[in-house]
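Please read the points below alongside the model.

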Amino acid sequence: MKILMTPVRLDALVLEADLKVTETTADFSQLPYFDGIQDINPRKPHISETVLGRPFQNTNLNLLAGVHLHWSLPDALTHGGQAGNDIEFPTVPNRWLVTRLHGKTPGNRTVEKQWVVQSDYLHPEGGRPQLGAITIPYKPLSDEFQPFRYMGRVLPGGPETPTGSSRDRYLERLTAVGYGDPQFAAFYPNCYSVFGFRDDLPEKLGEVVYQVIGWYGNGESDYLKNLLAKLEEPDQVSAEKILKHLEVFLQWKTIQINPNSPPKSPEEMLCYARIGFNPEPSTETPNLNAEIKIAIGNSGSEALAAYMGRFLGGHESQGLIEDQLEALRISAFLRDKRLDTNAILKEARHERNFSPSGNPIIWQVQEESDGNLEKSVAETKTKLPVEIVLILNRLNSLQREYERTLSEIESMREQTFADWFKYMVAAYPPVNTNEDYPPSDDIKAFIRSNDIRPLHEKIQTTGVLSLEISESNQRVISASWEDSIQGNSHGDSLAKRLAQAINEILTALREFNQSQISKQSPLRFVLIPAAGPRFWRPNQPVILLNGESVISSERHGQDGRLNNEGLLECELLETPKDFNTIQELAASGNFDLVSKTIDQIEIQKNQAAREHHGFNVWRKQPWNPLMMEWRTEIKSLKNKGNQASADHNYRQDFITDNYHLRENEPELSLRPGKGALIESAESIVGRCILTPGAVKQSEERLETYLLQQARAASVAELRENIDDLVNDETPKTFRSNPVYTALKVYQELRNGNFLAQSLDGFHEALLMRKKTAQLLPAEPIAFDNRFTENEVRQAVEDAILTAPAALNSFNPIRSGGLKLTGLRILDSFGRVLDLAEDQISPIEATALSSPTHPDLVWLPPRLCQPARLNFRFLSARETAREMNSLIESNPICGWLLPNNLDNSLLIYDGGGALLGYINRALEWRPAPGDITPIEVNTIENIHLRRMVQYLLARDVNYFEDFLSTLNRALQNIDPENFAQNQSIAILLGRPIALLRASLNTDFHGTLSDQRS
């Protein structure tokens, strides 16, 4: 048997006395339930607030004195993959052998004690482990009551330790996210009995080494074994190809312990780690009082650019350095641009303040050649029958209606959950509350009549569309539909009409393709669903932290940091033929072979004087910043805003009266004298995971740029010589030498510590929603729980991403200023660092600063709900029909061509044929040489005719101004082309299309409203 030994990171917290740390993020023992005799937690509603910890909560989890071990998991086992509509995470090892070794030299240590951690063990109902264990949600069996279990236990002894009786229960699948919390395995209070262990404090800590070995209790769950089994004919694949597959798929590089051995492929995996202690260890906590600098921006890169701008250039050069760094991020926008680069940079920065939302589609007909989609019909200039044009237009109209209805259904589900959430609070009010809640039966009746019944009706009239799509490309083969609610058919559902339209155009295309075959034409046309116009949501503000206390942890996302290829180096162990699986090896108690192999790896590491991911030396208390808790206050604009009015409604001109769009600016600017804010402040709190992602991306962009500028031959050379490169660079000025800016920033990134994250849930809070993990609707101690179990749960399905925040103010239009009033950093062991109020003074990006409010982060106006400015071309031939991808349905009504030589305007039809012109005397002249001159009243296209008639009805001055405006607009719209063709444009302008379009604002889902 060949085992892949995968190293993990092992940390130790050494406590000479008990320590209070932050509680677990969810304590499911607080759930209400009936235990067969009495109600447990009867006054607590079955909602997330009952079990979730709150930001800035007290540190109530008591860690006993001793050595607390916390091991990480390989990065490859912490990444989920798409499985249908869900994200599935790999199974992880659920058996961990913890060994306390005595001695300083590998190979000469003695075993003092051993324990086995059964990570997935579920304690019996009603039992609470004496040493403590984390809780997870649990669905009781028919003879059980408790909706949670304590998980994880420690058994003294070696790997052969028996698992216990046949009645023992274990979690079916253990993953890095546990019950669904992304911080589960990373946060010790969440997993101290699963991926952690506590030992009494040894007398001579400096002579102790802890070793951890993890494996799968059931070999069928082994992730590596299952991954290799998915290979086509794995027995026939060479070892070299399998090892390469592991490098590509898992980012794992297999190292042969004996370099002279031929390459061999592994069959199963285990994890291992060791931690030793400095001969003179210190249990002092690292210096957490060092200054922490804070920056804030619309994105992580903008926050970093703001910090670097202020740190390197002060207030005077901050904007310049921001622009230089942001230009690297959006270099694709600026490539080959010579004019208007500043405006293009602003436009691109503004665009990156938003993220796409939703996956709308638009149907297109495309040419297919040899099974591949070549180009659109518009590009082939092929005319299709008019009926196909009409069907395609109707199909896209139905598709938009179907998507809009689906988003409305999702919104209705969310509203049902929000109202049920309020019902639970009213039915189980907090103890000693003075709140006057409405009767719960009234809320129940309201939900049935105002939420569930309209939702069911909407679902019935919508139906569900199913598509059969070709595997070779995205062409649609057929469409079908079905009722959304079993037993409730609707004769003419939206899905049915959409499916019929799809099948109708497929039939028409097949007939047309057959006619092309008879003509011996190679053209074949297919129907495909292409990406449609996206909805956009504004990015939430991002906070960047810099300082000694925010060093990036090596536990997560850093597996490949010691390898030039960014791969985690794993070792291959070949066991005697007596053992076919790791489970057999563990049952025999013969893990000495694994320990000896780890000794050999450690000896090789020491001889080479190099770091190894699986070995750690404890010199002081670890500090691994993991999460950030934040508290903000926001004050909205007072003038015509909803918070300053008695009816809590915005005035129609709230935006136009407070803001204006200046020339060549992509962002709305506050009008002079319009910056007054409401007196009261809205407090918003949240918690997020800290990551170095924004910094890593900036590093990579700087490396690419500096290599292009020939400042180094490789990234390794750049990193090694960065200090000399900065000193040698001339001139040393930010304004005239952007390379110097890049070098200085790169130097600071390499020497500094940076972590960042967005204020997740900020915009949801402005919409009176709380973005936290939610429980499925249930009412376990109710006498009659059919309302929740049968009606509400079926109605909401999985639309439980947010809970109502009824006490918040409703601010659907973000505006005004923000103040950061609280900041707390949590490390992986649950210890906290609270920043004093005088330490919280963020550096704002220039886009978030205002001279009238220097003490606030100024927020540009944003719609908090995902929306889109829906610009759609309309067919030139029909009154309101939207154009599509077919050339018969184009929006061009005609063409205008200014003649600057004699101040006339040439008029062309949509096909480019000259119809006539308007001279400087404002007279119509038919096209010279036409056999049948065209008069204005005979212009075929009604929209082109109306425009010509409108111009002829004006005076000469208006006409001259019109021509001048056209030329100025062309110069501003496309300055690059205008500059290239300036000599031509002096005599003859460029063609301008007269076309039809519609413009409206669309929201994703039902328009948000108050949830008080």
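1. Phe-873 counts as partly exposed because its relative accessibility is 33%; buried means under 20% relative accessible area, exposed over 50%, and partly exposed in between, with a 1.4 Å probe and protein chains only. The residue lies in strand S43.

2. The model is predicted, so local features need pLDDT of at least 70 and side-chain atom pairs count only at pLDDT 80 or more, while totals for chains, interfaces and linings use all residues. Residues are numbered from 1 along each chain as its sequence is written, and side-chain values use heavy atoms, without hydrogens and water.

3. There are 26 aromatic pairs, where rings of Phe, Tyr and Trp (its six-membered ring) pair if their centres lie within 6.5 Å; planes under 30 degrees apart count as stacked, over 60 as edge-to-face and the rest as tilted. Tyr-121 and Tyr-170 are edge-to-face, because their ring centres are 5.7 Å apart and their planes stand at 70°. Tyr-121 is buried at 5% relative accessibility, whereas Tyr-170 is partly exposed at 26%.

4. Phe-734 and Tyr-740 form a tilted pair, with centres 5.5 Å apart and planes at 35°. Both Phe-734 and Tyr-740 are buried.

5. Two rings carry a charge over them (NZ of Lys or CZ of Arg within 6 Å of the ring centre and within 35 degrees of the ring normal): the charged end of Arg-153 lies 3.6 Å from the ring centre of Tyr-121, and that of Arg-631 lies 4.1 Å from the ring centre of Phe-56.

Methods:
Helices (H or I, at least four residues) and strands (E, at least two) are DSSP runs, numbered from the N terminus.
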